[in-house]
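Okay, thanks for making time, everyone.

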Amino acid sequence: MTFALDIPGGDVLFRNATVPACAIDGLPETTSVDADGLVRLDIALRKGQIEALGTPGSLETTGLASVDLDGSMVLPCFADVHTHLDKGHIWPRTPNPDGTRDSAISAVAADRSENWGADDVRARMDFSLRCAFAHGTAAIRTHLDSTPPQDAISWPVFEEMRADWAGRIRLQASALDILPAYADDGFAISLADRVKESGGILGAVLNIQKNTDALLDKVIRLAMDRDLELDFHVDEMTDPKARSFDAIAEALIRNKYGQPVNVGHCCALALRSYDEIDRALDLAAEAQMRVAALPMCNMYLQDRSRMSAEANASRRTPRWRGITILHEMKARGIPVAVSSDNTRDPFYAWGDLDMTEVFTQAVRIAQLDHPVGDWPAAVARTPADTMGANEVGRLAAGGPADMILFRARDWSEFLARPQRDRTVIRSGTAINAVVPDYRELDWAIRR
């Protein structure tokens, strides 16, 4: 990816940058914020860090190469708090026959059983991480399918990836299996211990299941006993009777759980009555839950009619977008992130772990606009905070010089085009990374 300006390496002063105010720690008091939440700043980089941020013309330039950005936008590097690196890029060998969630679950289970050896998982993870890095992501949390015997394969591979990518992408992993699996004491204890040993996060998929409260209490106690954080997949369906979102909040309050808790999807919440939504959000706020919305994947899967390819002509158009209630959650003070979720697998046929695309599509799908305001934090500061990666997703004097330069000068220009002409800067230097060629994976997925 290239930028039209000549960007020198090392110490530099970027003049006349356009930056979202929500991305800045220590915004100068005299800065004028426009109606869309953008400010014009100079940014001084020295020795791989941000030395200072100031209003145009206010910073000392001694020893710094000067580059006039002419209003080009500068964003902090992204944080992606909900991905599935272990599933990525299996679509060519195991597509989803009808695009539904049920078919996705079956297809992935079959592919996992047949193909997910260490070499296969490692190659696809590394490919995905190179995509994310080239696009400007600095922190990722991936969910790992942990049904035995896959847990013994994927967790060690993840630990290798985390070590290999240290200093480029901060990686976290969360265990993934259905909540009813925790009814088996042997499985539950073994998985919780593996997560603890791997420095991971405990998690589960909740939809509509029996004994929800008892199973949640069990998972929470496993986490509390091991000082683990929690991350759940919740109510990813079109059934307004789903109540796992509420059940999680009540269980966290009941057990006095004190660690960060992230919940993803929460699709069915959008189909409930306003009174029920108010009660659910009251509980979530009290439980200090954080939410990751996955608009691209959810719009792909939700409300899709299950038909064969031969019946394609008689398909009906989906009646809703499948996303959760982002605006209402944010207004209630619940931290909301927007994330990529799946990439080229049966749950989502598309995607490239490009958070610029994720943000652009989220704005369009969920109307995060007029003004855009502080919504850029949903792909940067907010998910980084959920991950405890407090150096990611913000621009601050004394912080790392990790940022992305775009030719676009405002949100109208930014959201209208794919923004391929960007430059990713890490530790003050423009990286030369490019997205890898899909042909690299032919040995694994072109079966």
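This is a predicted model: local features need pLDDT of at least 70, side-chain atom pairs count only at pLDDT 80 or more; totals for chains, interfaces and linings use all residues.

Let's start with helix 2, residues 118-135, and helix 3, residues 151-164: their axes come within 10 Å and cross at roughly 40°. That's why the two helices count as oblique to each other. As for handedness, helix 2 and helix 3 make a right-handed crossing.

So who touches whom here? On the helix 2 side you have Ala118, Val121, Arg122, Met125, Asp126 and Leu129, and they meet Ile153, Ser154, Val157, Phe158, Glu160 and Met161 of helix 3. Sort the residues of that contact by class and you get eight nonpolar, one polar and three charged.

The bond joining Pro148 and Pro149 is a cis peptide, with omega at about 10°.

Next pair: helix 5, residues 212-226, with helix 6, residues 244-255. What angle do helix 5 and helix 6 pack at? About 50°, and their axes are 10 Å apart. That angle makes helix 5 oblique to helix 6. Here, too, we have a right-handed crossing, helix 5 with helix 6.

For the contact itself, helix 5 brings Thr212, Asp213, Leu216, Asp217, Ile220, Arg221 and Met224, and helix 6 answers with Ala247, Ile248, Ala251, Leu252, Arg254 and Asn255. By class, the residues where helix 5 meets helix 6 come out as seven nonpolar, two polar and four charged.

Helix 5 has another partner to show you, helix 4, residues 185-197. The axes of helix 4 and helix 5 come within 10 Å, and the crossing is at roughly 35°. Helix 4 goes past helix 5 in a right-handed crossing. The residues making this contact are Asp185, Ala188, Ile189, Ala192, Asp193 and Lys196 from helix 4, plus Lys218, Leu222 and Arg226 from helix 5. How do the classes fall where helix 4 contacts helix 5? Four nonpolar, no polar and five charged residues.

The largest pocket holds about 390 Å³. Its lining takes in 21 residues, and the ones nearest the centre are Lys87, Ile105, Leu176, Val205 and Phe347. Which element gives the largest share of that lining? That would be helix 1, residues 101-115, with five residues.

Then the cavities. How many of 30 Å³ or more does the structure hold? Three. The largest cavity has a volume of about 60 Å³. If you want to find it on the screen, go to Pro20, Cys22, Ala23, Leu75, Pro76 and Phe78, and then to Pro376, Ala377, Val379, Ala380, Arg381 and Gly393, which together line the largest cavity. By class, that lining has 10 nonpolar residues, one polar and one charged.

Where is Pro371? In the loop that lies between helix 10, 355-366, and helix 11, 381-387.

And then there's Asp70, with phi near 55°, which is a positive value in a residue other than glycine. Asp70 is also a loop residue, placed between strand 5, 65-68, and strand 6, 73-76.

That's what I had. Happy to turn the model around if anyone wants another look.

Methods. Residues are numbered from 1 along each chain as its sequence is written. Side-chain values use heavy atoms; hydrogens and water are left out. On a 1 Å grid over the protein atoms alone, a cavity is a set of points where a 1.4 Å probe fits but cannot get out, and a pocket is an open set with protein on both sides within 12 Å along at least five of seven lines; lining residues have an atom within 4 Å of a point. Grid points are joined across faces, edges and corners, and a volume is the space filled by probe spheres set on the points. Helices (H or I, at least four residues) and strands (E, at least two) are DSSP runs, numbered from the N terminus. Axes are lines fitted to C-alpha atoms, for helices over the stretch in contact, and angles run from 0 to 180 degrees between N-to-C directions. Angles under 35 degrees count as roughly parallel, over 145 as roughly antiparallel, 65 to 115 as roughly perpendicular and the rest as oblique. A crossing is left-handed if the near helix is turned anticlockwise from the far one by less than a right angle, and right-handed if clockwise. Contact means heavy atoms within 4.5 Å. Ala, Val, Leu, Ile, Met, Phe, Trp, Tyr, Cys and Pro count as nonpolar, Asp, Glu, Lys and Arg as charged, and the others, Gly among them, as polar.
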